[in-house]
Amino acid sequence: MTTAGIDLGAKFVKVLFLKDDEVLARTQERAGFEPIEAARRAFAAALSECGLTENDLDAICATGAGRQVSPFTKDSVTEVGAAAKGTIYLHPSVRTVIDVGGEEGRAVKCGETGKVEDFAINEQCAAGAGSFTESIARALEVPLEEFGKLSLKSEKSIPMNAQCAVFAESEVVSLVHAKTPKEDISRAVHDAIASRIISMVRRVGINNEVALVGGVAHNPGFVDALERGMETKVIVPEHPEYVGALGAALTARERSR
Amino acid sequence: MAEYRTEPLKCWNKAKELRLKYYKDYQDAHKKGGIRWTGGAWAFDAIPAGLGRDVYNITGEPYGASIAFDRKLSLECMEAAEAKGWARDLCSYMRNYWGSMYLNKYAFGGDYPKPDFCYQDHICCSHGKWYQHVAEYKKIPYFCIDVSVGPYKDLDENRLMFVVNQMHECIEWLEKTTGRKYNDELLCEAVETECRSTSTWAEICTLNMSKPAPLDEKTMYSLYVHGTLAKHSKEMADFYEELRDEVKDRVDNNIVAVPHEQCRLMSDTQPPWGFLKVFRYLEKFGAVSIGSLYTFGLIGIWEWKEDGTWGPRTTPMQKGERITSRDQALRILADWNLSKPEWQHFYDPNLKTEMMLQIVKQWQLDGVILHLNRGCEGLSCGIMENRLGIAKTGVPVMTFEGNMGDEREFDEKRTMARIDSFMETLGITIPA
Amino acid sequence: MFSKFYEWYEKRHDYARDWLSKNDGEVVGCFCSYAPEELIYAAGCLPMRVLGSHEPQDVTEPHIFGMFCPFCRDVLAQGLKGRYDYMKGIMIAQSCIHLRQSFTSWRNHVPVDYSFYLYMPNKVQTEHARSYYAGELVKFRDSLQKWRGREITDDALRETAELYNENRRLMHEVYDLRKQPNPPISGREAMVMVASSFFVDKKDHNAELKRILPELKSRTPDRECGARLMIVGSENDDTEFIKMVESVGATVVVDDHCTGSRYFWNSTQFNGDIMQDIANRYIDRPPCPTKDWERRDRFPHVLKLAQEFNVDGVITIQQKFCDPHEGDMVPLKEYLNSNDFPTLFLEFDVTVPLGPMRIRVEAFLEIVGEEELF
């Protein structure tokens, strides 16, 4: 059986095709102002990547903030459900899934089948998401990819309060003025965001093992801060940003059985 | 899937009329030589009732909620309060209320009617301060009774008498402030009526144990409000008895709130008043919110029964007692109110968790949705411990953040998305 | 000169552990400065106010909703992180609803042998509060006696109240020196002096105060006074903030904080019934805003301080989300401004971003300076 999962996230649309246990295609497009168009492009790219047509797909399921407007299917699963399902499929022993995207962070406590037992989503005023690192990286004129790595070079903890993103940004400005090395600033920022996320994770409990999914998982500075803060190892799947789409493809498969 | 019969309440219009009449009576009080006072919904309103039958009040919380319901007016009020320099995270009812006062706009038309005095009770940090400011701004007298003497289970003579003594002091103050002679008979009547109305409301809530539920919480909001306006008034008590009989009738005839009931929930704290569509959204899933400790116990007075269940508190009159003197009336009034379910968590979140779990059990619920209400520190006090306590027993619980009176702090889309996730975890899908 | 106070302030846990090793008593954590410490002390225990540590933390989110003040979360974090693992007892004297959540969550999740919630009245302005509170104090005394298995005699209470009064009198003496044109003590030193008194045996604190007072009286300040500032508001033991303020041309000469003058301003008056005397002392204290109604007794007190200490301006600070102080800030500003004291409002969190704060303080000092010129 071949199924497709489409994750219409706030920043990117991701498409994943799954045949049995083989991933046939992974594609993504920036969502921009026309997320549906972006989804169509990503979907077409996925089809051409594996040489299939839409008719070859047995079922399609959407997830993500825009799942209800997905052009290809009415079937959908929430981001929470998809993240749990996708993660447990890849790493069956995981019980806590942390999903951090551009605009939102989530923590999911799940059972062995990927059933969601409890979840928490970051509340307002939380600087705990990817876009915050982006804006700071921009302010420091460091490419985002470098920004995360930079923090690994620092060995100095500078306490920063990320209760409010705006205030945290002005703290960064003060650090810049105080000629604080960029790597220390980077670490302070990652520690602050990780602290926000960990706060939220504690609401569902840190149940071993812990996985981090979503685009922010590519940031080694954030992963490091998370591991230090929770005092536990964090599993990062190979394509962390596609875990939601994978969860959707798995849901499509389950539902058409 | 079963589809149950649903129809509007017969007394719905009466409920509406009573509420509007209440606000109109307050506005017109001075035309008839009457007295008007303002204060909280938890104030002991039976006490000023002893000043005469022409005493009218507006209570700030439902008034603030009425403003919140009108999102345009609410925003104007919020901005007026912020222009004065008040913090945005203060009680949003209070900010709505103050805004209406600054703008001189009554939510029910016309100018903000100047009260003759402020009269309040104090349990959360904002209670005493709210009317301190109103009294200063309007240059009117103010009296406030401190009720923070601990949970009802630990009530003793010293604690009760602190409240009762303040009540006596208050009556002297009322006489001095208004120049009127205080009438103890009216007080006794008002206390008896208050016991009747608040116990009857609890009785109405117990009828919602029926499965499927005859009432949903959104409807209950329009009905419990009468108790927050004037719990001591005969009109309201009589209305609650009429309502109770109608709800009984609905139960007997299987008339329900949500036609496809397949999931029973309760909420907690005041809802975001401008967004009651959250409840309509739940209905799509066949999910009914049967109430909450908030709708049950803000005005309803309850007790633990001998068989371990939780039910309407037996009134003194039901026990064969009649109220005949000032001191007796005040003692009963203090004791009655100190047993209010919504006052217990101010001292210990575990007391609230215990009541919530009892509701889950007795009302046969599938899950709990907690509104993390940024607008009310009082009812949000200890709410995360409630969440932990409920989750520990295996009852599914979801939280969403919002504000009862400040719509700028509510994210509709993300809240609905969260409900989707919660429904998914409960295994509930929208019925075809 | 103040190194002992700094040491106690910074190494409060070391002091407490050391105290435990030398005494046959327990350390009792006090939530809120309204705690009637005399009773705890007379029971042979060390009352120790629980303050935060000014570090970002991620452990309280499951327990206290994020709209409550950062201080109450910082306090709870100390318990959850095990920083007070030696502390066997906790108690709260009721005031705001923020801090009581730190207490109830502590009781739920941090192991303690003893806890007591004291229903301190909020309406301190009614005469009925006196006998009521004395009655509640009797319950607290009974409960302590039962826990410790020893009697708390009236004599012991009287002796303790005298010891506490002495501490209050000595700190007043230090504060009085701040009235001088160039005070021999900085605001930061004063803050640490008062804050350290929360943690140590008042006998030790008194001895140290007596030791430094003569020296202090003859101390020549090594810095200019600059603008004379008062700092007013919610819980504040942010020494880094004061240090910054005093590095840009100002000296904090007086405060109205529960971690400052409010804690020790009035004394116990002895009228016969010691329990009633102690109750009265707390009822009559300069109030926290949450207890300051229907009248506003707090404002004239603040104004009097501002006048007596001859301040040029007032910094009003407030823990983010602190409802009691938010309820006072607007009328307090109007009140002070109408009495010709300029004000600067600042919002505090667990950590204070010094850069942005410095800009605000410097701008304020410019305003204060200009007013002096004309």
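## Terms and basis

A polar contact is a pair of N or O atoms within 3.5 Å, where within protein one atom must be able to donate a hydrogen and the other to accept it, and where residues adjacent in sequence count only if both atoms are side-chain atoms. This is a predicted model, in which local features need pLDDT of at least 70 and side-chain atom pairs count only at pLDDT 80 or more, while totals for chains, interfaces and linings use all residues. Residues are numbered from 1 along each chain as its sequence is written, chains are lettered from A and ligands numbered from 1 in the order in which they are written, and side-chain values use heavy atoms, with hydrogens and water left out.

## Domains of chain C

The domain assignment, automatic or from a database, divides chain C into domain 1 (22-153) and domain 2 (157-372). Between these domains there are 27 residue pairs in polar contact (both at pLDDT 80 or more) and 4 salt bridges, a salt bridge being a side-chain nitrogen of Lys or Arg within 4 Å of a carboxyl oxygen of Asp or Glu. C:Glu38 and C:Arg168 form a salt bridge with an N to O distance of 2.8 Å.

Contact (heavy atoms within 4.5 Å) joins 45 residues of domain 1 of chain C to 48 residues of domain 2 of chain C.

## Chain C against chain A

Across this interface, 17 residues of chain C are in contact with 15 residues of chain A. The rule finds 2 salt bridges between chain C and chain A; A:Arg202 forms a salt bridge with C:Asp58, with the closest N and O atoms 2.9 Å apart.
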